Amino acid sequence: MMNLSRSVALISLFLLPLLSFSFSVDNPTDRRVLVLLDDVSLKSSHSIFFTTLKSRGFDLDFKLADDSKLALQRYGQYLYDGLIVFAPSTERFGGSLDSKSIADFVDSGRDLILSADTSASDLIRGIALECGVDFDEDSSAMVIDHSSFSVSDGDHTLIAADDLVKSDVILGKTKIEAPVLFRGVAHSLNPTNNLVLKVLSASPSAYSANPSSKLSSPPQLTGSAISLVSVMQARNNARVVISGSLQMFSDRLFRSGVQKAGSPNKYEKSGNEQFATELSKWVFHERGHLKAGSLVHHRVGETDEPAIYRIKDDLEFSVEILEWSGKSWEPYVADDVQVQFYMMSPYVLKTLSTDKKGMFHTSFKVPDVYGVFQFKVEYEKLGYTTLSLSKQIPVRPYRHNEYERFIPTAYPYYGACFTTMAGFFVFSFVYLYHK
Amino acid sequence: MAAKKASPDLVNSSFSFKSLKLKTKQQELLLRVSILGLVYVLAFIARLFSVLRYESMIHEFDPYFNYRTTLFLTEKGFYEFWNWFDSESWYPLGRIIGGTLYPGLMVTAALIYWTLRFLRFFVHIREVCVLTAPFFASNTTLVAYFFGKEIWDTGAGLVAAALIAICPGYISRSVAGSYDNEAVAIFALLLTFYLFVKAVKTGSLSWALGSAFGYFYMVSAWGGYVFIINLVPLYVLVLLITGRYSMRLYVAYNCMYILGMLLAMQIRFVGFQHVQSGEHMAAMGVFLLMQVFYFLDWVKHQLNDTKLFQTFLRITVTSAILVGGIALGVGTASGYISPWTGRFYSLLDPTYAKDHIPIIASVSEHQPTAWSSFMFDYHILLFLFPAGLYFCFKRLSDATIFIVMYGLTSLYFAGVMVRLILVATPAVCLISAIAVSATVKNLTSLLRTKQKVPQTGSTKGVGSSKSSSKVTLDQSQPFHKNGAIALLVGVFYLLSRYAIHCTWVTSEAYSSPSIVLAARGAHGNRIIFDDYREAYYWLRQNTPTDAKVMSWWDYGYQITAMGNRTVIVDNNTWNNTHIATVGRAMSSYEDEAYDIMRSLDVNYVLVVFGGVTGYSSDDINKFLWMVRIGGGVYPVIKEPDYLVNGEFRVDKGASPKMLNCLMYKLCYYRFGELVTEYGKPTGYDRARGVEIGNKDIKLEHLEEAYTTSNWIVRIYRVKPPTNRL
């Protein structure tokens, strides 16, 4: 094992110059993934999940979580694009890895799958907390549900969950029919964090408690406040999946049939495989990754971008948005992209029309207000990467010679002016020469 | 100067009994011109202390804006300047520079610059800007001479020129580098007054026209023109009431008012204020009154029946006042005539600003004047002034009435606001000059009569002017020769003390650029704190060009001019709400402030902190004004939250809100680790003389970007929102 990991490390070091280009803006899909396990046996017990990843072209690097040579980066360069932590009981990582370096890993725009389980260590809880997820403080607690459990086992801690987030982007276009089997620890979301969301929620009848002891006090986490699997998309579009169950990725649950208690439908195969695969596609940016070109704007009839606009100018605005299909950039098609013309508050808010080739454009009139405006495209759609683009442009008032020279309503005044002049002339003439 | 004037007299008389009368006059002219020339040079060089001691640089705050705009004007030309929309200040509102400034100063400097370029003197525009104020101060002495000559005699004119050349009240605003509106405005003010007095005296249209153009220049240069447009009608009104109405006055005022008004409307910043604002209505009322007077005069001339005329007079005057009153009432009620502005109110009622407009009251130069600063700025003029008034009243004429009214009104305003000492200075100098000149002349003529050459003594000074001063300056008091000599010596002693005082004040108090601070070290050596420029250059070189810097408004002009970065608020305090928003951010807790700063796209925050150097005009000492101005718009900010028993403290006894507000945190960040003074605990604030109350300051949303070598300016970077929250 040591030999193997050393050789893998060696190879990866050797490939580093080649690999370092694999994760980039142009190709957002992760390629090199470090898998941390707290037991070598996990590699075989969760082999289906890993095999699907490998078959999609990921380069998995399995390491024991307490491997003393663990390192995410070398010479300031990250060695991996993604990290899978399947080591719920690890109290301390080996090498230079700790919860802060994992947080930095995410902050550098890289992705993470973190799975806890019953009796998850403080380390794992700490990492989860950094991502806005609180696991149940009671380390022996599990999610218990007396109504939506899986009938096959008769165990009320094996949840058959089907409350999935409704997003094609996160979970794929094919609907997950069969319930997802889950056995593990409950977590709740930090209410102040609006980047994290539940992907798989517990049913209203679920609660979190120690199944082997009697309930002495009401459980702290109950009902649909319990999240079973959550995702977080950071502001830099790094994606994180946090699961309360390691078992749900196991071959056993992938293969087992499922029948939810009280439901007549019996499925040959649980929804776990599909769920895990689709979720891994999302988290490793094979889906739902958008890229925008720069914001382009100019006056109607011109092509160059002006340095300043004048109030009431007519302008045209466009932006190119592309979506990553996993292999190439495809035009993004949507009818809900909006642009704001913004100065402390949006003065203009317009929905952009698309030509189905990735170009979104609109035209509008600059409002009758001068100041320093911004074109802002703030596109936040569930599952997609957030697009937050802005471009500053000042808007000036009229110049002194851009006003109308003669105003029709002022003609009486012009008339008065000239008649006064003429009258004065006549008066002077009469006064001076009339005897 | 009086000494200079008197001593040639003696020389003159000993030589002159043989020489021709024409020769004496020529000599006198030569003396007068050379004295004036010397005064002209003196006025210029007395203002160069700061250039010699520091360097040729722009001072203070507002001049940096003026400098920036002048630079723009010389580079881009007048039309670009006129239409300039500045997107670098008042982010994100922007500012229409061309429509919100008085362009007189910039155009003047640019003209001087272009003239020099034309004459092949390749100077930098900065040098022109630095020396504009001394140059115009020199010109002011010339105007003062002519004005003094107009209201009294040539002697008084010369003394006035000499007095005003070195009067600290004027020097304070016109040293080299003080490139502000006032620099040219005092010249324009005095010129307008001189030309108007001349017009009233001669009744000549051309002088009145000159005065209208002087007024136009004044309007283009400084907002203080409102003083002219109110003083002149007041003067006219007084003349009307005292029965001094004349055709000369009618011509002078009507021409000056109408043409001056039309010309003033060409200045974009002033626009239609002359017909629409309450401050300018007095002039219009007096203008109408003049027409009524003229009409009555004509009717009186036509009717020869006094009784009939009396009734007619009564009816006309009441109806005229009634019509005027109704017009004013309707205009005000309909909003056509804007009410008086806060600034104007605060002049009439010194307590107004304190209660209603904290933004005006917060400026140190808007404070009521202390007696000591009168003494400081006027020295002997303070008691020569009443003596001069006495002489003026003894010889009342249209001109002396004017100078008396100018002196009294401006002195009142000088008492209301420190900065208006400047406006009163020319009047005080002129009136004092009358006192000095008349006294010296009386005394010397007394001496001269004993020396049995009476005829030359009495004709000398007044030779050119046709006034009858020698009659009114009676010799009712039987002076002895010795007494006269003693008094003369006393006068010269006082004048020499004045000269010494003025030089000392100029050198010590008024010649520091305030952008570079100087202090005395332990061994009496000079220590220069150049932190401001250090910080601004750091901003210029290390921040993105579109970075937005938030600071208290005092530093806005300097940041845009020297740092070349966008600011949120600056010294042009046109938008109170925007300033209040910044005040609110500074006085809120960090996370609340962070939201405000995010909404304004702030990238950097700049604070000025004097705790290390003992520099007292820093942001902590200005902080209560931020609270007041912020609280004036956002009632969530309450001043008592920052005070303990009505006391402003920064030590352990300070209020918890004070100890945790953004301004406190930014000023004292890491200050708790620093030993500033030997034998004192760490975190000892030398500006306030206390140990600070919160030494363990943690910043969450900001990080220290730069602190200057003496900690005077501290710059913080606003962090982007956290990645995962």
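**Notes on a predicted two-chain model**

1. Glu273(A) and Arg255(A) form a salt bridge, with their closest N and O atoms 3.5 Å apart. Glu273(A) sits in helix α8 (residues 272-283) of chain A and Arg255(A) in helix α7 (residues 251-255) of chain A, so the pair ties together parts that are 18 residues apart in sequence. Side chains of opposite charge can pair when their charged atoms come close. Over all chains, the structure holds 49 salt bridges. The model is predicted, and the values below should be read with that in mind.

2. The domain assignment divides chain A into domain 1 (32-284) and domain 2 (289-396). Taken over C-alpha atoms, the centres of domain 1 of chain A and domain 2 of chain A are 38 Å apart. Where these domains touch, domain 1 of chain A contributes 10 residues and domain 2 of chain A contributes six residues.

3. Domain 1 of chain A and domain 2 of chain A bury about 610 Å² between them, and carbon and sulfur atoms give 56% of that area. Three residues, Val169(A), Asn237(A) and Arg239(A), supply 58% of the area that domain 1 of chain A buries against domain 2 of chain A, which is more than any other three residues. The side of domain 1 of chain A that touches domain 2 of chain A has five nonpolar, three polar and two charged residues.

4. Asn237(A) has a positive phi of about 70° although it is not a glycine. Asn237(A) is placed in the loop between β15 (227-233) and β16 (239-243) of chain A. In chain B, the peptide bond from Tyr91(B) to Pro92(B) is cis, with omega near -5°. Pro92(B) is in the loop between β1 (85-86) and β2 (95-96) of chain B. Most residues other than glycine have a negative phi, and most peptide bonds are trans.

5. Next, the two chains together. In the contact between them, 26 residues of chain A meet 20 residues of chain B. Chain A and chain B bury about 2,000 Å² between them, with 54% of it on carbon and sulfur atoms. Three salt bridges are counted between chain A and chain B. In one salt bridge, the side chains of Arg724(B) and Asp107(A) meet at 2.7 Å, N to O. Between chain A and chain B, 12 residue pairs are in polar contact, both at pLDDT 80 or more.

6. Which element gives the most to the side of chain A that touches chain B? α4 (99-107), β28 (371-379) and β29 (387-396) of chain A each supply at least two residues of that side. β29(A) gives the most, with four residues. By class, the residues on the side of chain A that touches chain B are 13 nonpolar, eight polar and five charged.

7. An unreviewed UniProt entry annotates residues 411-433 of chain A as "transmembrane region". In the model, residues 411-433 of chain A are 100% helix and 0% strand, with the end C-alpha atoms 33 Å apart.

8. The domain assignment of chain B gives domain 1 (188-338) and domain 2 (528-718). The C-alpha centres of domain 1 of chain B and domain 2 of chain B are 49 Å apart.

Methods
Residues numbered from 1 in each chain as written. Chains lettered and ligands numbered in written order. Heavy atoms only, no water. Domains from an automatic or database assignment. UniProt positions renumbered as here; feature names shortened; annotations may be inferred. Contact = heavy atoms within 4.5 Å. Buried area = accessible area lost by both parts, 1.4 Å probe. Salt bridge = Lys/Arg side-chain N within 4 Å of Asp/Glu carboxyl O. Polar contact = N/O pair within 3.5 Å; in protein donor to acceptor, adjacent residues only side chain to side chain. Nonpolar A, V, L, I, M, F, W, Y, C, P; charged D, E, K, R; others polar.
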